[in-house]
Amino acid sequence: MSATGHETAQHAVQLGLPELPAEPYPAEVRERLDPDAAAIVARYPQSRSALLPLLHLVQSEEGFVSRTGIRYCAEQLGLTTAEVTAVATFYTMYRRRPAGEYHVGVCTNTLCAVLGGDQIFAELQQHLGIGNNETTEDGSVSLEHIECNAACDYAPVVMVNWEFFDNQDPASAKQLVDDLRAGAEVTPTRGAKLCSFKETARILAGFPDGRPGAVDESGAGGAPSMAGLRLAHGETLPGTGPAKVVAPRQQESAEEPSETEGDEA
Amino acid sequence: MTATHPEKLLAPVLSATWGEEKPWTLATYRAHDGYKGLHEALRMNPDDVIALVKDAGLRGRGGAGFPTGMKWQFIPQGDGKPHYLVVNADESEPGTCKDIPLLFANPHSLIEGMIIASWAIRCSHAFIYLRGETVPVLRRLHAAVQEAYDAGYLGQNVLGSGFDLDITVHAGAGAYICGEETALLDSLEGRRGQPRLRPPFPAVAGLYACPTVVNNVESIASVPAILHRGKDWFRSMGSEKSPGFTLYSLSGHVTNPGQYEAPLGVTLRQLLDISGGVREGHRLKFWTPGGSSTPMFTDQHLDVPLDYEGVGAAGSMLGTKALQVFDETTCVVRAVTRWTEFYAHESCGKCTPCREGTYWLVQLLRGIEAGEGVPGDLEKLQDIADNINGKSFCALGDGAASPIFSSLQFFRDEYEQHLRERRCPFDPSASTVWAGTRGRRNAAGKDRSPEDDPPGDRGRDGRNGDFDQSENGVMA
């Protein structure tokens, strides 16, 4: 293959010497990470099981999985960096470039896409001036189209730092990213008040969210989660009563207040 | 109107407490008979617990429908090896959205079920493999497991029984394939999530090559109620071969998407009847009974009983009971293309038919959807799908072939229309949620072409009669 194909890539082709080994973390970072890494390894009968959470841990340090992070994981588990790299590159949540402080994922799998996810994703790209898997210049927001996130009854779905923003439309999604960039407090429909991408990665590494009340935020689920239960209790849903006139999604917020307290967050 | 009373049709068990005050807490769970099933189990011999779950007829809720008690029974006892229970909470099948809301609202049902299952199979370390992209659920699982430790349900000497159990919550990192049980085990061992050759089955050589049970969240969460209320109660719901209750997840172009917990064997028509039907002014075009990997159905299948046998006999699979409903504004080629892109993206690369086949399916489908298809493409699609189905290493390949086969079976004319007109005849904006208001105006008589002239319908033989039938309930 000629070099022309590579010229558009971010880094020019390096001929000659292979890449030098990554630098280790500075001593103070290692001192901070070591107890966490030991706690992770202790959760498992065999140490290698700790690799996925360790990768989340190094991602919580840098906002992505760097070569240094890979080296750190390898050293903790007695693996080669090649072995760790093979794993890190298999899973989509491990980023190879820094995420924004808020990582926005728009579901564009079939159901969300058809219900409007494609349009949301297109308009967000235009609005933010970035493409898929890119980050805004100020580093505040990165954007990615994601696969089905198990929230189809709330479609179209947007995730920010893996918290649910249900029932989005282009206007609400643009407002959402504007708020994120402005540093305004943003509350998911299901989940806790947003923390940064790095802090989220730490929860994924298995360290519980220590913020008071975070577990209890946003109730047990929105209207779709409660739909069957309400019918079983003899209540009516929008559009199922005598007057079938309601377009449900638009009216949820207006109709909901008393029954599902978690819903209005 | 064949009025089915929702109160009679539905049977909330796992979802029964979701409307209560903080249902995710131990206090609320216990106030509604929580952990009574565990007390019952610990009074029993572990083998009797296995026998009870087997006799109750509980079948796996993750897609395959394998009897849960039998899976437990396969674990060799007295072999001197550690035994493991691994809960598959990697819910990622497109359309599937039951375990995540269940764990968000009621995580203790899973934890109690895990303790009972661990007692039964003599396991002292159990794992929850939760997909990583759902942090709100992870947060509640962390809290619930801690609560269970603090209350003496976990740790050393569970409730004075002499049995020890630890539960580790493990967050995945984004890979659909890890929902396949052997790929999940490799992933849990810190490797790339690629499926293993079977045999040996996990029951013999699973996690760390030790006997392992891998169960879906909903399967395990259904166990406490069986212990507490008995197998006869469980068998009073559903059918002989598919007893019990389950979560049906309705999504897409419906008036009220959401979770509907009911005895196995309800029909989509019944669920639409009670929930407000397809979104107003539109009609059902196609739907999946259990996620994108289950062959799609059409309005011919509204009365198929949604249990393992019923859906199987109609040519599909119950799968995860993810009822994704699409109306006449949806281009089936677009839908299938997107699903196929998903399978290509998620193919782990281990076996050639799946890795290469899904790639080429995507190339063909994108061409057809963009109006660049050529004669022979449909035969080629069918041929490639045929070379994936049953010939790939795991079920991901079969799943990728399902939407191809079933859409060609029911909507071949729509593919042909794409080829003939060299364009997609659908307006994607008509299928969005926010097209709803405009759609209603159209129904009231204004212009706009896409809804008024849905392509594909014309050529579908023998279908038009069904549209009238669908008035009673299926259409809002």
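# Close-up views of a predicted two-chain model

**View 1. Helix α3 of chain A is largely enclosed by the rest of the structure, because 11 of its 12 residues are buried.** Here a residue is buried if 20 or more other C-beta atoms, placed from the backbone, lie within 10 Å of its own, exposed if 12 or fewer, and partly exposed in between. Helices (H or I, at least four residues) and strands (E, at least two) are DSSP runs, numbered from the N terminus. The model is predicted: local features need pLDDT of at least 70 and side-chain atom pairs count only at pLDDT 80 or more, while totals for chains, interfaces and linings use all residues. Residues are numbered from 1 along each chain as its sequence is written, with chains lettered from A and ligands numbered from 1 in the order in which they are written. Among the buried residues of α3(A) are A:L51, A:P53, A:H56 and A:E61. The cover over the buried residues of α3(A) includes α2 (27–41), α4 (67–77), α5 and α8 of chain A, together with β3 and α9 (181–188) of chain B.

**View 2. The length of α3(A) agrees with its residue count.** Its 12 residues should span 16 Å at 1.5 Å a residue, and its end C-alpha atoms are 17 Å apart; the expected span is 1.5 Å times one less than the number of residues. Just after α3(A) comes A:G63, with a positive phi of about 85°.

**View 3. Helix α8 of chain A, residues 197–204, is mostly covered.** Of its 8 residues, 6 are buried: A:F197, A:T200, A:A201, A:R202, A:I203 and A:L204. These buried residues pack against α3 (51–62) and β1 (102–107) of chain A, and against α8 (135–150) and β3 (166–171) of chain B. A:G206 follows α8(A) and has a positive phi, near 105°.

**View 4. In the contact between the chains, 76 residues of chain A meet 79 residues of chain B.** Two residues are in contact if their C-beta atoms, placed from the backbone, lie within 7 Å. On the side of chain A that touches chain B, α9(A) gives the most, with 9 residues. By class, this side has 44 nonpolar, 19 polar and 13 charged residues. Ala, Val, Leu, Ile, Met, Phe, Trp, Tyr, Cys and Pro count as nonpolar, Asp, Glu, Lys and Arg as charged, and the others, Gly among them, as polar.
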